[in-house]
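The following exercises are to be worked through with the sequence and the model in view. Each task is followed by a solution in steps.

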Amino acid sequence: MRHFLDDPNEIPARPRIFDVSRRRFLGIAAGGFALAAFAGPARAFAPYKTGGEDMPHGLVTDPSVFVTIDADGTVTIVAHRSEMGTGSRTSLPMVLADEMGADWEKVKIVQAPGDEPKYGNQDTDGSRSMRHHIQSMRQMGATMRFMLEKAAAATWDVPMAEVNTGVHEVTHAPSGRRAGFGELAERLTQEQQPDMPYVSVPSFDELTFRDESEFRYIGKGNVPIVDLFDITTGKAVYGADVTLPGMKFAAIARPPVVGGRPLRYDDSAARQVPGVETVLGLEGSTPPAKFAPLGGIAVIAGNTWAAIQGRDLLEIEWDDGKNGDYDSAAFTQAMRETAAKPGKVMREKGDVDAAFANAAKTFAAEYSQAHMAHIPMEPPVAIASVKDGKVEIWAPVQSPYGTRTDVAAALKMSPDDVTVHVTLLGGGFGRKSKCDFVIEAALLSRMVGAPVRVQWTREDDVKHSFYHTTSVERIEVALDAAGKVTGWKHNSVAPSILSTFAPDSGHQFPIEAGMGHVDMPFDIANVRADNGEAFAHTRIGWFRSVSNVPRAFAVQSFAAELADELGRDQKEVLLELIGPARKLDPKAEGFPEDFWNYGEVYDNYPIDTGRLSHALEVAADAIGWGRALPEGEGIGLAVHRSFVTYIGCAVRTKIVDGRITVPETHFAVDCGFAANPERIRSQMEGAAVMGMTLALFSGITYENGRVMQNNFYDYDVVRADNFPADVSVHIVANPFSVHAAGVGEPGVPPFAPALANAVFNATGKRLRDMPFGDTLA
């Protein structure tokens, strides 16, 4: 297979198209074939609506946009999603290729630039790539196969029903004739073929789809990511690998407090650094600023090292603005006080007050989580070239079209004059959905009249990111005399992501509420979900799994605490709370009118408690729940639905000299139809690493409005000596009729509560505040 790019600077604006006009190859002429006469096999799947249709620019199913065939048989497929480790650049083209009949070894993948009017929505976030696009990829693959077969039938003057697509070729069994994809494509491009009728593009109703038993790649788990060789040999092109002639390098001193600005600065020392060429001011922004840069003072140099050295020698007096007194300890205490009082009611079911008034006993606990930073291994970087009224961008971004429009707005230009080339992302986790670093490069390029690379350092990223919100989650239950839960109250207090986009209301909005708060699936008669007021004092942004992280930690930890309070088995209590297998009725459950189901039609992706319980059972069985363990070891469980996928997690911990290690983890994954099991396993393995990192180390704290952490030495990650050692992934088998769901994020939320529950099982110590560190005092 050929790979992404041979030349890192040659990032094509569109896939190369063999000299085949769309009209000539794909079709379209009067006097086409009598399609109604074609009798194919029964349809292999019924289309269903996904949230992809409601995303900006929706879905595109035109194969001429995504597929071309060279004369040598090479099938080129466009990857319109960004690749940051999830494997979307492999999995989606793989689906198209399999349905089409292409030999994967003869498939070439090219990366699309940011162009949603052409390719459809390109926001690579929300665990949506496979969920939203698996159907369109199958449709385009089936369309290509149909047209190749039609062309072959016309060439051979035989009924279309007698031809079939094998592996990269079309055959006619009665005559033994066969033609490769390249041969058919080449013949179709020849100008003088009076016997070659045009092939009409079929409608969806005319298509037939492969039966699942015919898949060679889909669902098999035998296709590694297409970038694997390039990544492991250093050939892969990331943002910082792009170099342009005459390019300048920039490092920026940004305000240490969000909303701050420089009052005055002295750049005399910076200008003495060899290589430093100039020092420029960048206009700042105040919330809500969406993705506008923070502003500051930029040092422009002939190389990155000089720019950083010059930046560090700037003497700047800052006006901190209104966030200068932000302090994490005081803010968390304020959130705790807020959580103890009634908040804004987001969900109401039954009579909660009566349940608590009549309770034989009540039980409550409180959980907190600090701000968290994404810290992808590749810090933000962008290259911009503003020239002759045009802007060209190279950057590792999750939202290339959003980047294009935001850069255009910042430069007061038309999006038509901005081109965004997407490189590989060295991790994203939501950070690279925000294009502030790209806008910085574009503004500076215009100012200096040359291409500019803005390179963030690790410290820049730790101190100036869009952080995951901090939160306090307070849960209280009413119990009857038999110990059955009759009432449930959950007050969630956290600054909202919406503060990044609009004036801060102090309350969360439906997308956040729908992540483990108002959609709590337990079978309890009386439920209330409150949201206490909390205002943002820093930039809040999307983070892998978003609000599911603190909600799963709170709910699943609380369920285990309740089991201990009742003197019962954790799994038994958790299954009892989930209740019988059923699909929740949002109205009967008291869900809010604006309930957000990850953007999906609820009937297509309902909350199915049977699948939730099953995921828990699979994970528990896999780890041997109930088995005897040596002293100092414990097992914990958790289960959570997010991004319409159900994940059960079982963690065994081993405490050695007070230090927490995880020798064994089991994930049970019910994500509907599993298109690429190899990537699902990889995502869960990554989720174990990130989940353990969040649980133990990920805490961004503020004093005097400033982030107190700097780099990996004080914002740690799990390392080889306490890495989750053995991660087993158990994928629940489903046919294609069980709609594919997200896998990029759902593995993260249940890990921390499963680990906390395991630590309690091993030591009797309850951990309620994340991060809780890797040692037990």
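**Exercise 1. Determine whether Cys 649 is buried or exposed, and how it stands to other cysteines.**

Step 1. Cys 649 has a relative accessibility of 0% and therefore counts as buried (buried means under 20% relative accessible area, exposed over 50%, partly exposed in between, with a 1.4 Å probe and protein chains only).

Step 2. A disulfide is a pair of cysteine sulfur atoms within 2.5 Å. By this rule the count is zero disulfides. Cys 649 is in no disulfide, as the nearest cysteine sulfur, that of Cys 671, is 15 Å away.

Step 3. Cys 435 also counts as buried, at 1% relative accessibility.

The model is predicted: local features need pLDDT of at least 70 and side-chain atom pairs count only at pLDDT 80 or more, while totals for chains, interfaces and linings use all residues. Residues are numbered from 1 along each chain as its sequence is written, and side-chain values use heavy atoms, with hydrogens and water left out.

**Exercise 2. State the order of the strands in the open sheet of four strands, and what packs on this sheet.**

Step 1. The order is 21-22-23-26, with mixed pairing. Helices (H or I, at least four residues) and strands (E, at least two) are DSSP runs numbered from the N terminus, and two strands pair if DSSP finds at least two bridges between them.

Step 2. Strand 21 (633–642) and strand 26 (727–731) stand at the edges; each has a single partner strand, so one side of each lacks a neighbour in the sheet. From one strand to the next, the twist averages 15°.

Step 3. Strand 22 (residues 645–656) and strand 23 (residues 659–670) run antiparallel and are joined by ten bridges. Within this pair, Val 656 stands opposite Arg 659 in strand 23.

Step 4. Helix 18 (residues 609–623) packs on the sheet and touches strand 21, strand 22, strand 23 and strand 26; its direction makes about 30° with that of strand 22. Contact means heavy atoms within 4.5 Å. Axes are lines fitted to C-alpha atoms, for helices over the stretch in contact, and angles run from 0 to 180 degrees between N-to-C directions.

**Exercise 3. Describe the open sheet of seven strands and the helices that lie across its strands.**

Step 1. The strands follow the order 9-10-7-17-14-15-16, and the pairing is mixed. Strand 9 (276–282) and strand 16 (418–422) are the edge strands, each pairing on one side only.

Step 2. Strand 14 (residues 381–387) runs antiparallel to strand 15 (residues 390–395), with five bridges between them. Ala 384 stands opposite Ile 393 in strand 15.

Step 3. Helix 12 (residues 400–410) lies across strand 15 and strand 16, at about 145° to strand 16. Helix 13 (residues 436–448) lies across several strands, including strand 7 (248–253) and strand 17 (452–455), and runs at about 35° to strand 14.

**Exercise 4. Locate Ser 91 and describe how helix 3 meets helix 5.**

Step 1. Ser 91 is found in helix 3 (residues 88–100) and is buried, with a relative accessible area of 5%.

Step 2. Apart from neighbours within four places in sequence, Ser 91 is in contact with Met 130, Asn 676 and Arg 679.

Step 3. The axes of helix 3 and helix 5 (residues 129–156) come within 6 Å and cross at roughly 35°. Among the residues making the contact are Ser 91 and Leu 92 of helix 3, and Met 130 and His 133 of helix 5.
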